[in-house]
Amino acid sequence: MKNYNEILEVLKSKIEDVREFAYEDYDKEETELGEIKQVDSHGGEDEGSDWYRVFHFVEHDVYIKVQGWYSSYNGTDFSDGWDCCSEVSPQEKTITVYESK
């Protein structure tokens, strides 16, 4: 089992650019990290400038969030390279919403 830092080092060595990882434009088998699931995403067209995706490395139980900025004229920007990645964990939250009767 690998931790976040070890997984990130493998990704950096096997994938040329963080954009390829964020958009899953690489051979997942090549990383030899097992199953990788995208579990959350936000941003892009009609969703504002804040953009992110969260990936779960199932065999290692590690979640990695890739943070970027979206603009309609430029697409998604990852100006910090691999520094835009961080380890996150799922948290349950209870919210109250008000709906029409």
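## Charged and aromatic side chains

K37 is partly exposed, with a relative accessible area of 41% (partly exposed lies between buried, under 20%, and exposed, over 50%, with a 1.4 Å probe and protein chains only). E35 falls in that class too, at 41% relative accessibility. The side chains of K37 and E35 meet in a salt bridge, 3.9 Å from N to O.

The model is predicted: local features need pLDDT of at least 70 and side-chain atom pairs pLDDT 80 or more, while totals for chains, interfaces and linings use all residues. Residues are numbered from 1 along each chain as its sequence is written, and side-chain values use heavy atoms, without hydrogens and water.

**Salt bridges**

A search of the whole structure gives 3 salt bridges (a side-chain nitrogen of Lys or Arg within 4 Å of a carboxyl oxygen of Asp or Glu).

| Salt bridge | N to O distance | Accessible area |
|---|---|---|
| E9 and K12 | 3.6 Å | E9, 47% |
| K28 and E24 | 2.7 Å | K28, 27% |
| K37 and E35 | 3.9 Å | K37, 41% |

E9 and K12 both belong to helix α1, residues 4-14, and because they are 3 residues apart, about one helical turn separates them (helices are DSSP runs of H or I of at least four residues, strands runs of E of at least two, numbered from the N terminus). K12 is partly exposed at 37%.

**Negative patch**

On the surface, D27, E29, E30 and E32 gather in a patch of negative charge (patch residues have over 30% relative accessible area and no salt bridge, and like charges are joined within 9 Å). D27 sits in the loop between α2 (18-22) and α3 (28-31). The relative accessible area of D27 is 44%, so D27 counts as partly exposed.

**Aromatic side chains**

The structure holds 6 aromatic pairs (ring centres of Phe, Tyr and Trp, the last by its six-membered ring, within 6.5 Å; planes under 30 degrees apart are stacked, over 60 edge-to-face, the rest tilted). One of them is the tilted pair of F21 and Y26, with 6.0 Å from centre to centre and 45° between the planes. Both partners are buried: F21 has a relative accessible area of 0%, and Y26 has 15%. F21 and Y26 also belong to one aromatic cluster together with F55, F57 and W82.

Terms used:
Patches are made of residues with over 30% relative accessible area and no salt bridge: like charges are joined within 9 Å, nonpolar side chains (Val, Leu, Ile, Met, Phe, Trp, Tyr) within 5 Å. Accessible areas come from the Shrake-Rupley method with a 1.4 Å probe; for residues, only the protein chains shown count as cover. Lys and Arg count as positive and Asp and Glu as negative; His and the chain ends are not counted. The place of a charge is taken as NZ of Lys, CZ of Arg, CG of Asp or CD of Glu.
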